[in-house]
Amino acid sequence: MSTPQSQLRADEAELIKSVCGGAREAFYELIRPYERMIYATAMSVVKNAADAEEVAQEAVLKALSNLASFRAESKFSTWLIQITYNEAKMKLRKARPQLYDSIDDQQQTEDGDHWPKDFADWRPIPSELLEQDEIRQAVQGAINSLSPHYREVLVLRDVELLSIKETTIILGVSEATVKTRLHRARLLLRDSLAPGFDGCWIKGLTYRKVRPW
Amino acid sequence: MATIEISCVEVWREISNYLDEKISPEVRERMEAHFKVCAHCTAVLDGTRNVVGLVGDGRVFQMPDGFSKRLQERLQKLP
């Protein structure tokens, strides 16, 4: 088990020292490796690129102004992503207060099992197809269709590849909750991207080709 | 000792932990024995592994063009 002090990488410690000492231009170097994580975190909450970019910028500015208070009890990246997540939540709350509350209330039904919707032979979607805009949009759309609690955990774990521990810190939930939500999120995503999504085995529905390959 | 059988429902419950290697060797062994004989659960496993791989691909959640540049400009504009 590492001590809290060891959470900070040496190169980051150097950069933080420089920035706090007045070399503010070094700050972009510090956050550059995490730009995509910042963006994905913001997207997981606000769900559109323009808002996510605004959240990302605000979060980075906030991180800069609070840098002196960073205590290295977590990794720098975890601290940065936590700021981003909170900033995104705040934006959502400001923009749509009623919707925000109602969405949050609906998330309390996590007990019980999620049963897969179909058992059709899985025809793998090759990752090369992500070069195509429409495939990327299909995957992005499937992620966006998840409820917020599932989507947020999925993005932190499977997009940003954060550990379960880091995810618990950012979201303020237990390890068990992270595991349950991630599990649900993955199965739901599989359901929505499954070949069966074509509707071909659902009785009464005509075949709709949604997968162009 | 023979492997104790595991039901489909139990397998589905552990699919995600299986992919993350967060299960005991005993459960893993039981699940693997189950996958050998259950095409349904294998389809669920393959599909879930596939979507996890797709979601983790850098091409999903691509930053908009000019994102980094605009961020740097915003930082430079600070008083």
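View 1. Just after α1(B), the residue B:E21 takes a positive phi of about 55 degrees, in a structure that is a predicted model.

**View 2. The buried face of α1 in chain B.** Which residues of α1(B) are buried? They are B:V11, B:W12, B:I15 and B:S16. When α1(B) is seen down its axis, these buried residues fall within an arc of 140 degrees, so they line one face of the helix. The buried residues of α1(B) pack against α2 (25–37) and α3 (39–55) of chain B, and also against α10 (175–193) of chain A.

**View 3. Chain B as a whole.** The secondary structure of chain B comes to four helices and zero strands, and from the N terminus on its elements run α-α-α-α. Chain B has a radius of gyration of 21 Å, whereas a compact globule of 79 residues would have one near 12 Å. Taken along the principal axes, the box that the C-alpha atoms of chain B fill is roughly 70 × 25 × 15 Å. Of the 79 residues in chain B, buried residues make up 24%. If one considers the contacts in chain B between residues at least 6 apart in sequence, 58% of them join residues at least 24 apart.

**View 4. The contact between chains A and B.** How many residues does the contact take from each chain? It takes 40 residues from chain A and 30 residues from chain B. On the side of chain B that touches chain A, α1, α3 and α4 (67–76) of chain B each supply at least two residues. The largest share of that side comes from α3(B), which gives 12 residues. Sorted by class, the side of chain B that touches chain A has 15 nonpolar, 10 polar and five charged residues.

**View 5. The two domains of chain A.** Chain A is divided into domain 1, residues 8–96, and domain 2, residues 123–198. The centres of domain 1 of chain A and domain 2 of chain A, taken over C-alpha atoms, are separated by 22 Å. The contact between them takes 11 residues from domain 1 of chain A and nine residues from domain 2 of chain A. On the side of domain 1 of chain A that touches domain 2 of chain A, α3 (35–46) and α5 (76–95) of chain A each supply at least two residues, and α3(A) gives the most, with five residues. By class, this side of domain 1 of chain A has five nonpolar, five polar and one charged residues.

**View 6. An exposed residue in a loop of chain A.** The residue A:E25 has its place in the loop between α1 (10–20) and α2 (27–31) of chain A. Is A:E25 buried or exposed? Since a residue counts as exposed if 12 or fewer other C-beta atoms lie within 10 Å of its own, A:E25, with 12 such atoms within 10 Å, is exposed. The C-alpha atoms of A:E25 and A:A52 are separated by 23 Å, and these two residues are 27 residues apart along the chain.

Conventions
Residues are numbered from 1 along each chain as its sequence is written. Chains are lettered from A and ligands numbered from 1 in the order in which they are written. This is a predicted model: local features need pLDDT of at least 70, side-chain atom pairs count only at pLDDT 80 or more; totals for chains, interfaces and linings use all residues. A residue is buried if 20 or more other C-beta atoms lie within 10 Å of its own, exposed if 12 or fewer, and partly exposed in between; C-beta atoms are placed from the backbone. The arc is that of the directions from the helix axis to the C-beta atoms. Two residues are in contact if their C-beta atoms, placed from the backbone, lie within 7 Å. Ala, Val, Leu, Ile, Met, Phe, Trp, Tyr, Cys and Pro count as nonpolar, Asp, Glu, Lys and Arg as charged, and the others, Gly among them, as polar. The radius of gyration is taken over C-alpha atoms; the globule rule is 2.2 Å times the number of residues to the power 0.38. Domain bounds come from an automatic or database domain assignment.
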